[in-house]
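Hi,

Here is the structure I promised to pass on. Have a look first, then read my notes below.

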Amino acid sequence: MTRLLLGVTLERICKAVLLLCLLHFVIIMILYFDVYAQHLDFFSRFNARNASRSHPFSNSSRPNSTVPSYGPASAEAPSPSTKPSTNQSTTEKPLQPCQETPPGLVGRLLIEFSSPMSMERVQRENPDVRQGGKYSPPDCLPRQKVAILIPFRHREHHLKYWLHYLHPILRRQKVAYGIYIINQFGEDTFNRAKLLNVGFMEALKDDEEYDCFIFSDVDLIPMDDRNLYRCYEQPRHFAVGMDKFGFRLPYAGYFGGVSGLSKSQFLKINGFPNEYWGWGGEDDDIFNRISLNGMKVSRPDIRIGRYRMIKHERDKHNEPNPQRFTKIQNTKMTMKRDGISSLQYRLVEISRQPMYTNITVEIGRPPPRLARG
Ligand code: UDH
Ligand code: MN
């Protein structure tokens with residue numbers, strides 16, 4: 001009798017322990033999904049990698065089941081400019097315009113920076129990227145030609161990760177693009193916005209068909225490939241939710257990190273300011289230029305516009321610019337004279353690398369400080 005009772009109790013304890021284990025497992029899974037939702041996207045990453053290896057003309061891409069419904073912003077129509085591709089495949093059928101929503105997207109992506117990265121690996125995994133970091137989809141005609149411009153100095157480590165993640169994403173997005181690294185020559189104070197102005201000019205010299213310009217920091221990687229790298233009816237801010245800001249927009253007028261303007265939008269605001277030396281303020285000035293010229297910033301849904309930034313310390317010669325607060329008060333006055341119309345620089349070297357085009361440029365230094373008072 002006692003044995004029987006003991007048996008029953010033991011059985012119940014076992015069941016309870018099992019149930020607790022199950023509950024624990026479920027809770028862990030929920031937390032895992034909530035906090036590190038992107039980790040669940042292992043399969044999409046796997047598929048994406050397979051796709052990059054598959055034949056460029058093959059249509060048997062990965063299953064599409066990981067693509068959830070699209071947020072309101074991604075359904076937004078891009079600017080209507082249509083352009084025939086210069087890189088058409090040799091198939092007999094004429095190519096059709098690329099679909100508004102690319103069919104092979106995978107949604108959330110696993111982005112991490114702990115595994116080592118090498119340029120050889122990036123090259124090996126992106127055999128269809130042409131010299132200079134150029135690519136056009138082989139199976140459809142893209143509506144835009146996009147120049148991606150990256151302000152740069154001494155960030156080779158970050159660049160490898162950027163190329164590793166972005167080439168496959170852009171390929172899935174069916175973008176016709178070229179990657180330009182705008183490398184500031186010398187060790188004078190860094191000037192992000194002026195480098196981007198140089199990038200605009202030099203990209204157009206390289207290929208006058210570019211009609212869309214995307215400006216990206218080298219350390220920012222999108223966590224979702226539904227954040228489409230193209231130009232829109234209004235200037236676009238892509239980096240809406242960065243990990244360093246808790247995946248939220250830090251303030252309503254934030255325009256930093258990754259942004260995109262069509263050629264005409266960029267010219268309408270006279271490009272970016274050349275006079276912001278050191279860290280900060282230039283993105284707010286650009287936001288002001290956009291508003292002052294009657295345009296409105298467009299953004300992807302906050303759930304889609306998520307980014308990881310590779311952790312780093314502040315660079316040498318890019319200290320916070322103490323003049324930035326006063327300068328952003330004066331955009332209305334300065335934007336007409338300071339911009340693409342007044343840009344001056346000395347080209348040092350253009351070198352075509354397999355995964356990008358490097359443009360090294362001398363952009364001068366900040367004017368000597370005016371005496372205070
Ligand atoms: N950049 C360079 N080299 C430099 C400075 C800037 O390539 O020496 C480029 C690069 O593309 C970078 C972008 O300019 O991503 C923006 O500069 P940043 O990454 O320094 O700006 P962020 O706002 O960092 O990310 C501010 C300093 C954070 C210090 C944190 C200390 N814990
Ligand atoms: Mn950074």
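Two strands count as paired if DSSP finds at least two bridges between them. Helices (H or I, at least four residues) and strands (E, at least two) are DSSP runs, numbered from the N terminus.

Before going on, a word on where this comes from: it is a predicted model, where local features need pLDDT of at least 70 and side-chain atom pairs count only at pLDDT 80 or more, while totals for chains, interfaces and linings use all residues. Residues are numbered from 1 along each chain as its sequence is written, and chains are lettered from A and ligands numbered from 1 in the order in which they are written.

Back to strand 4. Ala-147 has Phe-213 of strand 4 as its bridge partner. Five of the five residues of strand 4 are buried (20 or more other C-beta atoms lie within 10 Å of a buried residue's own, with C-beta atoms placed from the backbone). Cys-212, Ile-214 and Ser-216 lie on one side, and Phe-213 and Phe-215 on the other.

Phe-213 turns up again in the largest nonpolar core, being among the residues with the most contacts inside it, along with Val-146, Ile-148, Leu-149, Tyr-180 and Ile-182. That core has 67 residues, and its largest share, eight residues, comes from helix 4 (residues 156-172). A nonpolar core here is a set of buried Ala, Val, Leu, Ile, Met, Phe, Trp, Tyr and Cys residues joined through C-beta atoms within 7 Å. In soluble globular proteins, nonpolar side chains tend to be buried together.

Nine of the eleven residues of helix 7 are buried, so helix 7 is largely enclosed by the rest of the structure. Its buried residues pack against helix 5, helix 8 (324-327) and helix 9 (331-334). After helix 7 comes Gly-294, with a positive phi near 75°.

Cheers

Conventions
Buried ≥ 20, exposed ≤ 12 C-beta atoms within 10 Å, placed from the backbone. Contact = placed C-beta atoms within 7 Å.
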